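Dear colleague,

Please find the structure below, followed by a short account of what was found in it.

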Amino acid sequence: MFDWMKQVMDRLKGQTAPMRIALVGGVVVFLVGLAVAVAVTIGTSFEPLYYNLDPDDAAEVIQFLKKERIEYRLVDQGRVIKVPRKDVYETRLQLVGSDLPRGGVGFEIFDKSNLGVTEFVQNINYQRALQGELARTIREIRQVESARVHLVIPKKSLFIEEQKEATASVILKMKPGNRLNKEQVEGVMKLVAGSVEGLQPAQVTVLDTRGMVLSQEIMQSADDKTMTARQISIKREYESNLEKRLRTMMERVVGLQKVVVRVSTLMDFSRVEKTEEMFDPDQTAVRSEHLLSVANQEPAAAGQGVPGVASNVPGAAAPVQVGAGAAASKKDDQTRNYEVSKTVSHTLLPVGTVKNISVAVLVDGVYKEAGKDQKPEFAPRSDADMQVYTNMVKKAIGFNKKRGDQVEVACVPFDTASMAEEVKAMKSAERYHLIMVGAKYVLLALGLLIFYLKVLKPFLLFITQQFAMTGSAGKRSAARGMGEMAEEVTEQVEIKKERTMMDQIRDYAGSNPDEVARIIKMWLKEQTS
């Protein structure tokens, strides 16, 4: 390795001063370009510090970064601030320590004490601060991009009958492609209700920027209020299962995203035990029988006279007794017991039986192709098709008219504008990310290609030619004469049949004047000697 370096240094010493400067400068440019390419490849990578900042918050954050001398980049019209990857978490902690970004007015409004503030202004500031703090907390949910909270806190009254209830409204802007489930919406309602004195979750309304009331499904009917959480879960699971089955079935017929199904059920969660005894009068049997019959007809003995004086006087006639000797007796006692056939049944009714089912199905129509700049024309589905869809739904849910089941299938045009805007926003975000990543690597590859074509390749070609010519010239000056030099010059020139020897020598002299001059000097020196 050291011999190679020594050879390079010896060859550099044999060159002229301009040639040495050019060689050294080329090496330095090569090394600098290589360092720049490596730095671009593995250099500083910026990551978002915060997304979707308000202009006021963005200005305060930028002022803080300038004060701390932290490098930053502004993206998406200043709503996204990026900092070096290694400084992301440390910078966030520093900003949190400085109460940035504020995300609206919070309780820091009371950090500055103002003399002469009225009670009305204090109450307004407190309500503004509470609204701002709630909005900040709600924005911590991953699916939420921004939030606003409006509170109505009535004045306290001395009379309970005149006391009004507090109410609240929450407006949420969701990130593209994100939705809040029922549990998350209920959590937002309970969060707001728990932060305001006297506010009930039922008095909190949650809606999105499209005007859809998200808390509508959370409000339960009067029957649901007496149900336990387990019973509500069973009811919702049963309804969701029916909705999924109906939706997948209908989508196979009308197409994806062209059907909406809603199912409502009335379920009985009463725990009933029933015992029944049934008697069959047609099936009887003698269980016991008792017969008693008594008959007695013996006459009674005649009387001999009537007690008293008349019967004891001699010669007196005895009185005649009426009915004497006509006594008789008869008794008949019968008892017969019958056993009737009896059936006893004990039944435990299942919990969660379906009392009735109501199904509503919305089906999108068909669209006829219109002009190039016109929207497709909506055409409703035929009555025969709608009847087929209705029968399909009835069969799928086990329709029972006796228990009051209801099925309604309607064909209406679907509003796909909001969905199209959401899909467009998602594609735009993905496209922007891909363009930024692709542009980074394209610029890197382009820079490397330009560096190779404009710097590295000419430099290597120049070094190769100089070293080759320097070595061959040294050997010629030591052991060869003019004839051999002429032959070597002829070998270095590419001989082409369509060009003459003089043209080729003239071209070579024009591109290598120093070499030609040195050869002529050596030739004249030999001629003189």
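In this predicted model, Val 407 is in contact (heavy atoms within 4.5 Å) with Val 359, Thr 390, Val 393, Lys 394, Ile 397 and Phe 399, leaving aside its neighbours within four places in sequence. Val 407 belongs to strand β13, residues 406-411 (helices, H or I, of at least four residues and strands, E, of at least two are DSSP runs, numbered from the N terminus). With a relative accessible area of 16%, Val 407 is buried (buried is under 20%, exposed over 50% and partly exposed in between, with a 1.4 Å probe and protein chains only). Its C-alpha atom is separated by 9.4 Å from that of Val 263, 144 residues apart along the chain.

In helix α4 (residues 88-97), the buried residues are Val 88, Thr 91 and Leu 95. These lie on the same side of α4, because they cover an arc of only 70° around the axis (taken from the directions from the helix axis to the C-beta atoms). Their cover includes β1 (46-50), α3 (55-67) and β3 (80-84). The face turned away from the buried side carries the exposed residues Tyr 89, Leu 93, Val 96 and Gly 97.

Leu 443 is found in helix α10, residues 417-479, and counts as exposed at 59% relative accessibility.

Residues are numbered from 1 along each chain as its sequence is written, and side-chain values use heavy atoms, without hydrogens and water. Local features need pLDDT of at least 70 and side-chain atom pairs count only at pLDDT 80 or more, whereas totals for chains, interfaces and linings use all residues.

With kind regards
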